[in-house]
Amino acid sequence: MSESPDTTFLRADGMVKDYPGARALDGVDFALRTGEVHALVGENGAGKSTLMRLLGGIAKPTAGRMSLDGAPYAPISRHAAERLGIRFVMQELNLVSTLSVAENIFLDALPSRFGFVRRAALNVAAREAMATVGLTDIDPRTPVGTLGVGEQQMVEIARGLAGKCRVLILDEPTASLTDREAELLFENIARLRRDGIAVVYISHRMEEILRLADRVTILRDGQVVSTHAASELTIDEIVRRMVGRDIGDADTVSTAQSGAPLLRVENLCLGARVRDVSFSAQPGEILGFAGLMGSGRTETMRAIFGADRPDSGRVYLGGSELSARIRGPRDAVRLGMALLTEDRKGQGLLLPRSIRENVTLADLGSVSGRGGWIRRGVEASAARRWVDRLAVRCAGTDQAAGELSGGNQQKVVLARWLHRDCRVVIFDEPTRGIDVGAKFELYKLMRELAAAGKALVVVSSDLKELLGLCDRIAVMSAGRVAGVFARGEWTEDKIMTVALSGHLGETAAG
Ligand SMILES: Nc1ncnc2c1ncn2[C@@H]1O[C@H](COP(=O)(O)OP(=O)(O)OP(=O)(O)O)[C@@H](O)[C@H]1O
Ligand SMILES: [Mg+2]
């Protein structure tokens, strides 16, 4: 790709943003050219979202200057930025769940453009906006709260594109999209780029970065490491620059023990999504679950955990049958199981409460003294341990969870579950939104948990992650376990074939 001419129209110079106890940005320069896709990468807490909050008028800089078309640019609100065509689809969704899709898309224009009598016009305009992002099978009158997370994300993007748009900022847009939705988004990005719209693209998925971006800016600890033409970069090079060191491969020495399984699931059924699922996991084993979105993996895990009541089937833990005793997640936890669900927001991170409280919340038993008082010292040191272990970037364990970056909030949720010390731990998409360095730490930690004799079940849409981490991989298709592969007998192709077709062909299953 040849070097594009410098058509910079938006620049930020020397941006500083201080929060109490933390400098989130420390003299960042950033420039945006017409029609470029500019990726912004960096570890959790590096300052990516903060920089975009300044551009998007959502936060005020402590110091630094921005300019748009050569004139000073200092938006006083998100609305002011949007009027100038700078639109920010945030990491945390910002829709009003009780309002319809159409109302959300045109929230700001509602009273002036549509009034009360122009519902029909509103819905027609919304349909058009939704069509641009491929949301053709949803009625614009549907309340947003009833949509899936991926669909809500697409509504946000439709909203971003519906008005005047010169810059579209996408902060981890694909974290909750299906592959198909992500492809649609990529097509949209290509179209915007052709129309001369600049896109800022934040993601922890390096393949996406190299596929989409014209230029890449790497942030570390609130400073710019460097800006490159994407064509000059490799994934390893980006990672090295953003982490500041080489990260190795996770240690995949198996610790699976022979003998009786620790977790055994027999003939589990729940509606159309979970159809006669049977599998087992040995102590010390990491068992992966691969499959397409909607293949029933999440539903299976929820049924095992008692979050949804299965129609039939049995769950055994260490030889004793639990199914009858699991009436809900509370029972499952008491009996020694943990489930980290893919829906992090629904896990009830208490945003105004401290990291310390959030980590130990579910396990007050282990930190309370005889009278039931919480022993603060114990709580604090437990939290401290997890914060160090998972490299949660924070001012201290007393900091409110709501002040952490998106990825660091997820680490706190992870810490809460790991702190429970359960014998069987089920992870549903554990590394979503987590940076590459922290992922590596998490893999090491999972290996250690296995080595301590626990059984781990890991659902992931990232097949490479499963291939690197697991002892065996079960592949689900249309609600069934269509094949189970052991390390050594799997290939990416075999697994994909089974996930797509639902059967093994001539390959052997373990
Ligand atoms: N309201 C706030 N109060 C205090 N500190 C904050 C606040 N918002 C952000 N920070 C801090 O600023 C730093 C940068 O956060 P930011 O959200 O920009 O990171 P990020 O690069 O987007 O990370 P992630 O990949 O996890 O989304 C973090 O250390 C975070 O704790
Ligand atoms: Mg962020």
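## Model and confidence

This is a predicted model, in which local features need pLDDT of at least 70 and side-chain atom pairs count only at pLDDT 80 or more, while totals for chains, interfaces and linings use all residues. Residues are numbered from 1 along each chain as its sequence is written, and chains are lettered from A and ligands numbered from 1 in the order in which they are written.

The predictor's confidence in each residue is given as pLDDT, from 0 to 100. The protein has a mean pLDDT of 87, with 91% of its residues at 70 or more. Confidence is highest in strand E4 (residues 63-68), at a mean of 98, and lowest in helix H13 (residues 364-367), at 47. Over residues 364-372 pLDDT stays under 50, and the model has eleven contacts for them beyond four places in sequence. Two residues are in contact if their C-beta atoms, placed from the backbone, lie within 7 Å.

## The two domains

The domain assignment divides the protein into domain 1 (8-243) and domain 2 (263-501); such bounds come from an automatic or database domain assignment. The C-alpha centres of the two domains are 30 Å apart. Their contact takes 16 residues from domain 1 and 15 residues from domain 2. On the side of domain 1 that touches domain 2, five residues are nonpolar, seven polar and four charged.

Strand E1 (residues 8-19) and E2 run antiparallel and are joined by nine bridges; two strands pair if DSSP finds at least two bridges between them. Tyrosine 19 has alanine 22 in E2 as its bridge partner. Two residues lie between the strands of this hairpin, where glycine 21 takes a positive phi near 85°.

## The sheet of six strands

Six strands form an open sheet with mixed pairing, in the order E6-E7-E8-E3-E9-E10. Strand E6 (86-89) and strand E10 (223-229) stand at the edges with a single partner strand each, so one side of each is left without a neighbour in the sheet. From one strand to the next the twist averages 15°. Strand E9 (residues 215-220) is joined to E10 by six bridges, and the two run antiparallel; isoleucine 218 stands opposite serine 226 in E10.

Helix H6 (residues 149-162) lies across E6 and strand E7 (167-171), at about 175° to E6. Helix H9 (residues 235-243) lies across strand E3 (37-41), E9 and E10, at about 30° to E9. Axes are lines fitted to C-alpha atoms, for helices over the stretch in contact, and angles run from 0 to 180 degrees between N-to-C directions.

## The sheet of four strands

A further open sheet has four strands in the order E12-E11-E14-E15, with antiparallel pairing. Its edges are strand E12 (274-281) and strand E15 (320-321), each with a single partner strand, so one side of each is left without a neighbour in the sheet. Helix H10 (residues 297-305) lies across strand E11 (263-270), E12 and E14, running at about 110° to E11.

Methods: Nonpolar A, V, L, I, M, F, W, Y, C, P; charged D, E, K, R; others polar.
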